[in-house]
Amino acid sequence: MPSPLTILIAEDNAADRLLLSTIVSRQGHRALTAANGLEAVSLFQQEQPQLVLMDALMPVMDGFEAARRIKQLAGEALVPIIFLTSLTENEALVRCLEAGGDDFLAKPYNRVILEAKIKALDRLRRLQDTVLQQRDLIARHNEHLVTEQRVAKAVFDKVAHSGCLSAPNIRYLQSPYALFNGDLLLAAYKPSGGMHVLLGDFTGHGLPAAIGAMPLAEVFYGMTAKGYAMADILREMNAKLKRILPVGVFCCATFLNLSFQRRMVEVWNGGLPDGYLRRAGSGERVPLVSRHLPLGVLEQSAFNAHFEAYPIETDDRIFLVSDGVLETRNDNDEVFGDQRLREVFDANGDGNRLFDEIQLALSAFRGHAQDDVSMIEVRMLDEVTERAKLAFTDSGHSSPLDWSASFEFRAQTLKRFNPLPFLLQLLLEVQGLRDQGGALYTVLAELYSNALEHGVLGLDSSLKRNAEGFARYYRERSERLAALEAGYVRFNLQLLPEGRGGRLIVKVQDSGKGFDLAGVLAGPTSMDSLCGRGLTLVSKLAAHCEPGEGGQGIHVEFRWPAQA
Amino acid sequence: MAITSMPSDDGQELTITIQGRFDFGAHQEFRDAYERVNTTPKRYVVDLKGTTYLDSSALGMLLLLRDHAGGERAQIRLANCNPDVRKILAISNFEQLFQIA
């Protein structure tokens, strides 16, 4: 049984008023009475009745005007008005409804019908009430959610965008579609001066996608700063996502490892559309194809971090797009597609304008600003204008200054472990070396890859003379590494105090046949050649560089002055 | 979109047929198609003959089916893929996880 209502009766005839209030009271409701429209409106304001019985024709103010005012006062809440009328012409009945009436009752009054109408309109009234309550509840919840997301996004942006997306050689576009985006763009300088770039696309959008993005960004930035190689970072990211994401949620991603000095880019694409490497000289376009499952799908043991390596020259550009770009739809529900993207590439003359041209083509196709797309262009630079500052944690006053250590990394280790972050962390305990962290890393990295590739694996760097040979070189590198049974790379580190400064001597030896260091350093190194740059670089960055005893290995030396 | 599932006569194989768009809207229906069957099939076939579109959340759903069907040991064939569907499966390299025909 619905609760009793307060019902306002506006009727100028005293006898009818009494009759109506008797019917209403007998139904269990409370009756208020008014003798004209003006009284009715003022009673309505005082008592907030839930339902109104309104005579159409009354002195002072008629029922039509009173109904209009009451509807206005009631606002969003439904206060049903039943017009009481002796009028029978259609036009008059229409006027009742137009004035805001919800129903009408013809005189003389029929008790049964009046009761039924009150019940029916009360149902409607309560329905409206419930809808309004639910609407307000949803609005409050939503506001709460949006506030929370805003805070979360502030945290997310700090984590996800703390890298070097603002570097002069990067252009990117990211949609402001939702507060959080399923797409993720990360870029960070490596300690060696190169750059890691990642474009990721999580299944789904919004908060769930962003939650996966946080640990991914943490691993990316943390491991890049410590000097880990792309393959190690990919393996760690995959393992982490596999561990934390529910089955069916994963991250399509392309990872780029750019080495400005070695003039090469390594590409790993798991599940994203083709990226493109566009050669500055010839305009040639090399597709960067997805060869892997997305991150977070495979168990650690099945994960494959195998990448492709390409030589790159100054102003070569790499474009990566998320599938949102290709799936951009026009008004006819056609998708932009990779064919149209390739046509923009084909029509392009000036590489500097390519990014704008793609953006233009997309907005022309769509007819209005795009929203759910991500793309990034990374340009090869001649020089690194900005070097990553390596992060340090302690004050370093207690640094040991007089020690030596030797490490021998053997075949089984070389296959799957990159010793550089390990060595670097050890060396950066030495305060005097910290300013040279970037150079030190570069030198160690060059020496290590030299020892591994030419020494242990016996690869011939002259292969790298042209792009085809380059690809073959890196294919062979991973094949030989996978098959490696024996061999070693030795690092001997000696730290010597000198006055109030010091010296670091690094000796690197390998199980290979050795090579003619002096010859390499004396020989001409053209900037266009794809090999031989590494050791020249080492000799420039280190204070001293010479062949080891008997032509075996290399010795390099770093010096630092006394700290002020 | 309509998803139906039909066990083979010997109950060893369950064929799930997907008509129309295979996207997030199909989530519950797709799960029901393999969870609400009385048989415990050894093999699954997802018939994509009538599938016009497949997005990344559909890939996620296929992974859920794979998990349900035993993960590494799952035997799932994706049948009758049209070129568009095949392309999406190829970009994601799903042939490493599913038998695609």
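Reader: Is E557(A) buried or exposed in this model?

Author: The model is a predicted one. Relative accessible area decides the matter: a residue under 20% is called buried. E557(A) has a relative accessible area of 8%, so E557(A) is buried.

Reader: Which side chain does E557(A) meet in a salt bridge?

Author: The partner is R559(A), and the N to O distance is 3.0 Å. R559(A) has 45% relative accessibility and therefore counts as partly exposed. Elsewhere, salt bridges with shared partners join E11(A), D16(A), D55(A) and K107(A) into one network.

Reader: How many salt bridges are there over all chains?

Author: A search of the whole structure gives 42. In one of them, the side chains of E308(A) and R291(A) meet at 2.4 Å, N to O. E308(A) is in strand β13 (residues 308-311) of chain A, and R291(A) is in the loop between β12 (285-288) and β13, so the pair ties together parts 17 residues apart in sequence. E308(A) is partly exposed at 23% relative accessibility, and R291(A) is partly exposed at 42%.

Reader: Which parts of the chain does the pair E453(A) and R477(A) link?

Author: In this salt bridge the closest N and O atoms are 2.8 Å apart. The pair links distant parts of the chain, with E453(A) in helix α13 (residues 437-456) and R477(A) in helix α14 (residues 467-482), 24 residues apart. E453(A) is buried, with a relative accessible area of 2%. R477(A) also counts as buried, at 18% relative accessibility.

Reader: What polar contact does the side chain of S322(A) make?

Author: The side chain of S322(A) contacts the side chain of D183(A) at 3.1 Å. S322(A) sits in the loop between β14 (317-321) and α8 (323-326) of chain A. At 1% relative accessibility, S322(A) counts as buried.

Reader: Now helices. What span should helix α1 of chain A have?

Author: The expected span is 1.5 Å times one less than the number of residues. For the 13 residues of α1(A), residues 14-26, that comes to 18 Å, and the end C-alpha atoms are 18 Å apart, which agrees.

Reader: Which residues of α1(A) are buried?

Author: An α-helix has 3.6 residues a turn, so residues three or four places apart point the same way. In α1(A), the buried residues are D16(A), L20(A), S21(A), I23(A) and V24(A). They cover an arc of only 160° around the axis, which puts them on the same side of α1(A). On the other side of the helix, A15(A), L18(A) and R26(A) are exposed.

Reader: What caps the N-terminal end of α1(A)?

Author: N13(A) does, with a side-chain oxygen 2.8 Å from the backbone nitrogen of A15(A). Just after the helix, G28(A) takes a positive phi of about 100°.

Reader: Which residues make the nonpolar surface patch of about 270 Å²?

Author: The patch is made by L124(A), L127(A) and V131(A). L124(A) belongs to helix α5 (residues 111-160) of chain A, and L124(A) is partly exposed, with a relative accessible area of 43%.

Reader: Where is L73(A) found?

Author: L73(A) is in helix α3 (residues 63-74) of chain A, and counts as partly exposed at 42% relative accessibility. Its C-alpha atom is separated by 78 Å from that of L433(A), 360 residues apart along the chain.

Reader: What should be known about the backbone before looking at single residues?

Author: Most residues other than glycine have a negative phi, and most peptide bonds are trans. The peptide bond from K107(A) to P108(A) is cis, with omega near -10°. P108(A) lies in the loop between β5 (103-106) and α5 of chain A.

Reader: What phi does Q48(A) have?

Author: Q48(A) is not a glycine, yet has a positive phi of about 45°. Q48(A) is in the loop between α2 (37-47) and β3 (51-55) of chain A, and at 51% relative accessibility counts as exposed. In chain B, N93(B) has a positive phi near 60° and is a residue other than glycine. N93(B) is found in the loop between α3 (83-91) and β6 (99-100) of that chain. N93(B) is buried, with a relative accessible area of 5%.

How values were computed: Residues are numbered from 1 along each chain as its sequence is written. Chains are lettered from A and ligands numbered from 1 in the order in which they are written. This is a predicted model: local features need pLDDT of at least 70, side-chain atom pairs count only at pLDDT 80 or more; totals for chains, interfaces and linings use all residues. Side-chain values use heavy atoms; hydrogens and water are left out. Helices (H or I, at least four residues) and strands (E, at least two) are DSSP runs, numbered from the N terminus. Buried means under 20% relative accessible area, exposed over 50%, partly exposed in between (1.4 Å probe, protein chains only). The arc is that of the directions from the helix axis to the C-beta atoms. A polar contact is a pair of N or O atoms within 3.5 Å; within protein, one must be able to donate a hydrogen and the other to accept it, and residues adjacent in sequence count only if both atoms are side-chain atoms. Patches are made of residues with over 30% relative accessible area and no salt bridge: like charges are joined within 9 Å, nonpolar side chains (Val, Leu, Ile, Met, Phe, Trp, Tyr) within 5 Å. Accessible areas come from the Shrake-Rupley method with a 1.4 Å probe; for residues, only the protein chains shown count as cover. A salt bridge is a side-chain nitrogen of Lys or Arg within 4 Å of a carboxyl oxygen of Asp or Glu.
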